[in-house]
Amino acid sequence: MPNINILTVDDSVSMRLLLRAALTKEGHQINEAEDGVAAAEWLEHHQPDLVITDINMPRMDGFGLIEHIRAQPRFRDMPILVLTTESTAEKKARARAAGATGWIVKPFDPDQLNSVIRRVAH
Amino acid sequence: MTNEEIQAIYLQECEEGLGHAEAALLDIKSGQYDAETINSIFRAVHSIKGGAGAFGFADLQSFTHHFETLLDKVRDGDVAVTPSLVDLLMAAFDMLADHVGAISGENAVPDDAAMLDRLQQAAVATPDNAASAPAEAAGTAAPDLGIGVDLGFDLSAMMAEMNVLAEDVAMSAESDAVNNAQAPAADWPADLGSMDLGFDLSAMMAEMNVLAEDVAMSGDSDADSDAINPPDWILRFAPTAADMMHGGDPLLLVRELCRLGGSVRYVDLESLPPLEHFDADEAYVGWTIHLPHNVAEQRILEIFDFIADPSSIDLKRAEPADWNDSTSADNNAPNTSTPDSNVDDTNVADISVLDGPSAARIETPQSAALPPVLQPASPPQRIMAAAVEPPVAVAAPAPAPAPAPTPSPPSASSRSAPAAPSAPKAAASATIRVELEKLDRLVNLVGELVITQSMLSQRLLGDSADDIQELTDLDHLTRELQDSAMALRAQPVKSVFSRVPRIVRELEASTGKRVILEVEGEATELDKTVIERLGEPLTHLIRNSVDHGIEMPDDRLAKGKPAEGTVRLAAEHKSGRIVITVADDGAGINRERVLAIATERGIVTPDMRLSDEEIDNLIFAPGFSTAKSVSNISGRGVGMDVVRQGVHALGGRVTIESKPGRGSVFTLALPLTLAIADGMIVSVGEENFIVPLTHVIESLRPEVGAVEHTGFGHDVLNVRGAYLPVMAVGDQLGVPDAITDPSQAVLIIVDTESAGQAILMVDAIVDQRQVVIKSLETHYQPVEGVSGATILGDGRVALILDVESLVALRAKDVPRQWAC
């Protein structure tokens with residue numbers, strides 16, 4: 001698949017670094033934000049091809065971020081992946097309702113991660 | 001960045017997370033908390049869990065999982081916050097800290113079996129369905145076979161409905177077949193081209209070519225199917241409109257299935273409306289895909305996990321009837337179709353495609369009998385593309401691997417130019433992590449700069465009192481640069497203070513005392529190395545305060561004090577040093593007892609008359625603490641002398657102020673940094689030495705005969721009534737040509753932790769200034785009486801005196817002298 005521009009949102013630096021390592025290996029461009037608010041601010045001036053976000057974050061959590069993104073028409077068709085340790089049906093349903101495109105459970109396997117990206121990224 | 005480096009950062013994060021969680025737990029314990037307080041604990045544990053999994057720390061992952069499960073319940077209000085729950089959370093927190101400690105090798109992996117039970121029991125207040133999530137995911141779609149009903153259609157009705165489209169498509173397919181190349185969109189009939197469908201046909205065809213290649217390839221992989229193996233999978237996937245919301249693109253899922261060896265056998269177009277009735281947000285197309293028998297069911301289903309509605313998938317093993325032809329038009333009842341009714345269908349497959357796109361299909365080479373001419377070829381694919389793609393592409397208008405020129409899809413607003421690769425990291429991140437080594441190098445270089453500046457200044461000015469403005473400016477700039485560089489190494493003392501609450505908790509549990517810990521000035525910054533080495537002395541002080549200072553609740557009540565004792569830990573900046581105080585409102589130092597113990601241990605002799613302050617300081621004497629005071633508290637048994645040694649090693653001082661019945665205050669005065677020190681430059685013989693200013697009380701020139709000989713090779717000076725030992729630095733360090741007549745020399749009264757006040761005799765005081773400390777151990781070897789070296793303005797090396805050890809060397813003998 002072509003290299004794309006990805007925004008990763010996670011309050012854990014090590015998790016962002018792991019994501020960076022896995023994604024840059026595939027040739028993708030990575031930008032990072034440390035929580036929902038930082039991501040929302042960055043997105044005001046950028047249009048990535050894909051957003052990968054954690055759920056549990058300070059200030060603005062993943063659900064809030066996804067809703068915020070989906071409320072903007074220019075992001076209507078941008079895939080948003082949720083990356084979290086949680087896997088309950090309730091949380092998934094909530095993420096889906098908010099507008100998430102895919103779900104990855106931490107700890108992620110880089111191959112699986114890239115497989116999910118192939119399934120959602122245009 | 002290597003995995004190890006990321007792991008090191010993860011460990012840092014764990015420590016930070018533990019700090020946040022502990023602060024929040026303490027808030028909860030004190031009753032001052034809200035939803036966010038609990039949430040912050042959850043987040044901390046959650047983050048630790050996330051990394052634990054990523055780095056393969058199974059024990060930690062398992063523990064955090066159970067901890068998190070309970071916290072989740074608490075957060076949701078399913079489990080009430082009771083005192084016993086708070087205690088459990090505290091205990092779980094401590095064990096979590098041990099788990100993290102185990103990773104960094106600080107301690108052994110804790111035995112958490114009992115704790116896991118307690119966590120689970122506490123969380124069982126309501127049924128826990130979180131743990132069953134994986135199984136749930138595995139079973140999502142399989143049992144739901146109702147999809148066939150949704151897809152049910154009448155072939156003839158469909159044919160009729162699709163007629164209009166079929167004509168268009170067949171026409172253009174023919175023209176396309178002639179060109180045998182990607183047809184430019186302009187070649188399409190005007191009415192089709194004029195419709196705002198938001199997709200690009202040629203690009204879609206290219207997509208379909210990829211699919212077709214996958215199909216052809218995957219055919220090989222299941223050619224070896226035989227009766228022993230289970231039948232191949234048949235997957236029917238009919239995406240719903242919801243699957244195409246939020247950027248979902250069913251085509252990508254199909255492509256991913258092809259990666260697993262899947263082949264598209266059939267495309268359901270029955271619900272495809274005439275073009276003019278297209279709703280861009282609706283889903284019209286379904287796929288029937290064969291997957292090799294050896295692909296695990298889980299692998300297939302996980303492709304759809306979350307991304308597609310489970311009800312849009314129907315996965316099953318091929319029945320014998322399906323074996324020959326799963327592409328029966330009779331999708332309504334796939335399991336009831338007889339082999340007979342389908343026999344011919346296989347062989348006419350591609351013809352039917354040409355006949356009418358409503359029955360479009362791609363047959364794979366899996367059918368060995370398939371004549372070469374029926375191999376998927378351009379025309380049918382193109383028809384497929386034309387017929388199949390529109391709804392998909394409308395919803396996801398960004399076809400990617402398009403060999404043909406890809407005009408901008410009219411409605412494709414979702415994909416503008418990619419953000420600049422150099423786009424800065426999210427602005428919210430206000431800190432940057434730098435390797436300590438780099439910082440040290442910077443600090444070191446700045447140190448060299450300070451020295452060079454000082455040398456330059458000396459060379460230019462010499463001894464003249466003239467001032468050169470530029471040189472003064474340079475001096476200021478250099479100092480400022482130095483301060484800034486030092487500040488880079490500064491960290492809030494919080495990182496070491498945060499360990500204290502746990503120590504207090506453990507002490508409470510083991511002693512039965514009740515203690516309120518007050519912490520102040522956590523944000524005070526201190527050099528990283530100082531902070532790292534502060535932990536042990538601070539721990540001892542806290543233990544001492546709780547263990548020996550605070551009384552048992554009953555005793556306290558009897559004395560009219562509140563049952564709960566208070567330990568106050570504070571840090572503040574004070575005249576270029578950091579002052580840390582540990583104060584308790586306990587019993588104060590029992591001087592009688594201290595004196596008795598010190599006498600018993602031979603630290604002092606019974607006839608010595610000591611001031612209260614001197615008695616208090618005896619608890620720092622080596623050998624004062626002995627086995628008698630070893631409690632069951634881990635790490636104890638070493639005495640307060642460890643505190644003094646530790647603080648001393650940091651270039652700091654510790655003092656006590658104690659009031660019987662009212663409590664004690666231990667005060668640590670620490671330098672801000674270990675890299676520079678304020679020093680007094682003194683000359684001895686031909687050499688220069690630095691006396692750290694922290695030790696210097698005053699300097700004086702004695703009158704002739706003021707220094708008295710004691711007859712044991714020791715000199716003393718009567719300073720305002722107190723006899724202080726006089727040590728000639730030249731003697732001690734073997735410097736030739738040093739002044740030996742005290743009346744010709746300068747005496748410096750110094751204060752030490754271990755031996756109280758003493759006097760150093762030097763030839764002269766040269767200057768007083770900040771010096772950059774260079775380690776002698778690193779560059780040479782440890783030298784007794786010398787703590788380091790520095791380079792002076794004239795380029796000469798000067799040794800920094802270790803006043804403490806210089807004086808201690810001599811002071812050891814002093815009490816014996818006095819005893820004589």
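Which helix of chain B is E68(B) found in? The residue sits in helix α3, residues 58-76, where helices (H or I, at least four residues) and strands (E, at least two) are DSSP runs numbered from the N terminus. The model is a predicted one, so local features need pLDDT of at least 70 and side-chain atom pairs count only at pLDDT 80 or more, while totals for chains, interfaces and linings use all residues. As for bookkeeping, residues are numbered from 1 along each chain as its sequence is written, chains are lettered from A and ligands numbered from 1 in the order in which they are written, and side-chain values use heavy atoms, with hydrogens and water left out.

E68(B) has a relative accessible area of 6% and therefore counts as buried; the cut-offs are under 20% for buried, over 50% for exposed and in between for partly exposed (1.4 Å probe, protein chains only). Setting aside neighbours within four places in sequence, E68(B) touches F42(B), V45(B), H46(B) and K49(B), plus T85(A) from the other chain. Contact here means heavy atoms within 4.5 Å.

Now for the chains themselves. Chain B has 820 residues, 49% of them buried, with 30 helices and 22 strands. Among contacts with a separation of 6 or more, residues 24 or more positions apart account for 71% in chain B and for 62% in chain A.

One open sheet in chain B has five strands in the order β20-β12-β13-β22-β21, with mixed pairing. The edge places go to β20 (764-772) and β21 (786-791) of chain B; each has a single partner strand, so one side of each is left without a neighbour in the sheet. Neighbouring strands of this sheet are turned by 35 degrees against each other on average, direction ignored. Two strands pair if DSSP finds at least two bridges between them. Within the sheet, β13 (residues 687-692) and β22 (residues 797-801) of chain B run parallel and are joined by two bridges, with F689(B) partnered by L799(B).

Helix α18(B) lies across β20 and β21 of chain B, at about 140 degrees to β20(B); axes are lines fitted to C-alpha atoms, for helices over the stretch in contact, and angles run from 0 to 180 degrees between N-to-C directions. That helix, residues 436-461, also holds L456(B), which counts as partly exposed because its relative accessibility is 39%. Together with L460(B), I468(B) and L474(B), L456(B) makes a nonpolar surface patch of about 320 Å². Patches are made of residues with over 30% relative accessible area and no salt bridge, like charges being joined within 9 Å and nonpolar side chains (Val, Leu, Ile, Met, Phe, Trp, Tyr) within 5 Å; a salt bridge is a side-chain nitrogen of Lys or Arg within 4 Å of a carboxyl oxygen of Asp or Glu.

Finally, there is a hairpin. Seven bridges link the antiparallel strands β10 (residues 653-659) and β11 (residues 663-671) of chain B, and S658(B) stands opposite S664(B). Three residues lie between the strands, and G661(B) takes a positive phi near 80 degrees in this hairpin.

Key: Accessible areas come from the Shrake-Rupley method with a 1.4 Å probe; for residues, only the protein chains shown count as cover.
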